[in-house]
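Please look over the model shown here. The report below covers its fold, its helix packing, its core and its ligand site.

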Amino acid sequence: MTLNMTSPQSPKPIWPERYKLLLEFVGVSEHDLSLIRKTGPIVVKYAVQLTDEIYELIFNFPSAKQFFVKEDGSPDHKRIKDNKDTMIQWLYYLSNAPTNDAFARYLAAISSMHRSVPSHRPGLPSVPSQYVLGSISFYQTRLAEIFQNELTNKVEAHKASMAWNKLLIVSLDLLLGSYLTHS
Ligand code: HEM
């Protein structure tokens, strides 16, 4: 079946169908999903550390850190903490290798939250999409390193990285959904 996500007859993208189609296209197999679930506890173990690392990275780039500083330019610790918690939650969800409709809608909702400019952050632009993409690259690289260090079986570590890479990329499509389909 060919899906046209942005046709005039169907202006609203159908996120769950898009998610399932891309899982299939990328070749996320049942074996991949079970590898992700099996290595999920390792990722959960590192979730806080990885999130701290990504925020350190964000703070090296003015157009990324602008969302997490106060008017005087100092770090807005409450906002940082709240956002870190949501990133940790996202990793927890991913560790269960979800393929259900609710997860696809959850990713699409994050995308529109990143793209829109709500009243509590006036004057700030949309979150630049390249930083979301860059974050996924960061997670892919760090998870590959972590699996190499944590798993004695290096072939299994490599296969786990491949499975996570696929799921992260499929996730990324939806995380950028509102940018891709509206621009
Ligand atoms: C893998 C990449 C990312 C994921 C999974 C992610 C996840 C999330 C989630 C789950 C929320 C929703 C929070 C809520 O429900 O209130 C959110 C909001 C937000 N994210 Fe991200 N994020 C990512 C990357 C980034 C990056 C790189 C930036 C900035 C450079 C960023 C800036 C924001 C901002 C400004 C909000 C809105 C916060 C608010 O208005 O209160 N995100 N993100």
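Helices here are DSSP runs of H or I with at least four residues, strands are E runs of at least two, and both are numbered from the N terminus. By that rule, Leu167 lies in helix 7.

This is a predicted model, in which local features need pLDDT of at least 70, side-chain atom pairs count only at pLDDT 80 or more, and totals for chains, interfaces and linings use all residues. Residues are numbered from 1 along each chain as its sequence is written.

**Overall fold**

The protein chain holds eight helices and zero strands. Its pattern along the sequence is α-α-α-α-α-α-α-α. Contacts are pairs of residues whose C-beta atoms, placed from the backbone, lie within 7 Å. Among contacts in the protein chain with a separation of 6 or more, 73% join residues 24 or more positions apart. Burial is counted from C-beta atoms placed from the backbone: a residue is buried if 20 or more others lie within 10 Å of its own, exposed if 12 or fewer do, and partly exposed in between. Of the 183 residues of the protein chain, 21% count as buried.

**Helix packing**

Two packed helices are described by the angle between their axes and the distance between the axes. Axes are lines fitted to C-alpha atoms, for helices over the stretch in contact, and angles run from 0 to 180 degrees between N-to-C directions. Angles under 35 degrees count as roughly parallel, over 145 as roughly antiparallel, 65 to 115 as roughly perpendicular, and the rest as oblique.

| Helix pair | Axes come within | Crossing angle |
|---|---|---|
| Helix 1 and helix 5 | 8 Å | roughly 105 degrees |
| Helix 5 and helix 7 | 7 Å | roughly 50 degrees |

Helix 5 is therefore oblique to helix 7. On the helix 5 side, Ala104, Leu107, Ala108, Ile110 and Ser111 take part; they meet Ser171, Leu174 and Leu175 of helix 7. Residue classes are nonpolar (Ala, Val, Leu, Ile, Met, Phe, Trp, Tyr, Cys and Pro), charged (Asp, Glu, Lys and Arg) and polar (the others, Gly among them). The contact of helix 5 with helix 7 has six nonpolar, two polar and no charged residues.

Helix 1 covers residues 15–26. Helix 1 and helix 5 are roughly perpendicular to each other. Here Trp15, Pro16 and Tyr19 of helix 1 meet Asp101, Ala104, Arg105 and Ala108 of helix 5. This contact has five nonpolar, no polar and two charged residues.

**Nonpolar core**

In soluble globular proteins, nonpolar side chains tend to be buried together. A nonpolar core is a set of buried Ala, Val, Leu, Ile, Met, Phe, Trp, Tyr and Cys residues joined through C-beta atoms within 7 Å. Which members touch the most others in the largest nonpolar core? Leu167 and Leu174 do, among its 26 residues. Helix 1, helix 2 (30–58), helix 5, helix 6 and helix 7 (154–175) each supply at least two residues of this core. Helix 7 gives the most, with nine residues.

Leu174 is in contact with Trp15, Tyr19, Ala104, Leu107, Ala108 and Ser111, leaving aside neighbours within four places in sequence.

Leu167 counts as buried because it has 21 C-beta neighbours inside 10 Å. Not counting residues up to four places away in sequence, Leu167 touches Val28, Ile36, Leu94 and Ala97. Leu167 and Ala97 are 70 residues apart in sequence, yet their C-alpha atoms are 7.7 Å apart.

Ala97 sits in the loop between helix 4 and helix 5. Its phi is near 50 degrees, a positive value in a residue other than glycine. Ala97 has 22 C-beta neighbours inside 10 Å, so it counts as buried.

Leu172 is also placed in helix 7. Leu172 counts as buried, with 21 C-beta neighbours inside 10 Å. It touches Leu133 and Ile136, not counting residues up to four places away in sequence.

Trp90 is found in helix 4. Is Trp90 buried or partly exposed? Trp90 counts as partly exposed, because it has 18 C-beta neighbours inside 10 Å.

Of the 18 residues around the ligand, Ala64, Phe67, Thr86, Tyr131 and Ser135 come nearest. Helix 4 (77–95), helix 5 (101–115) and helix 6 (129–150) are the elements that give two or more residues to this shell. By class, the shell has 13 nonpolar, four polar and one charged residues.

Note on methods: A residue is near a molecule or strand if its C-beta atom, placed from the backbone, lies within 6 Å of it. Two residues are in contact if their C-beta atoms, placed from the backbone, lie within 7 Å.
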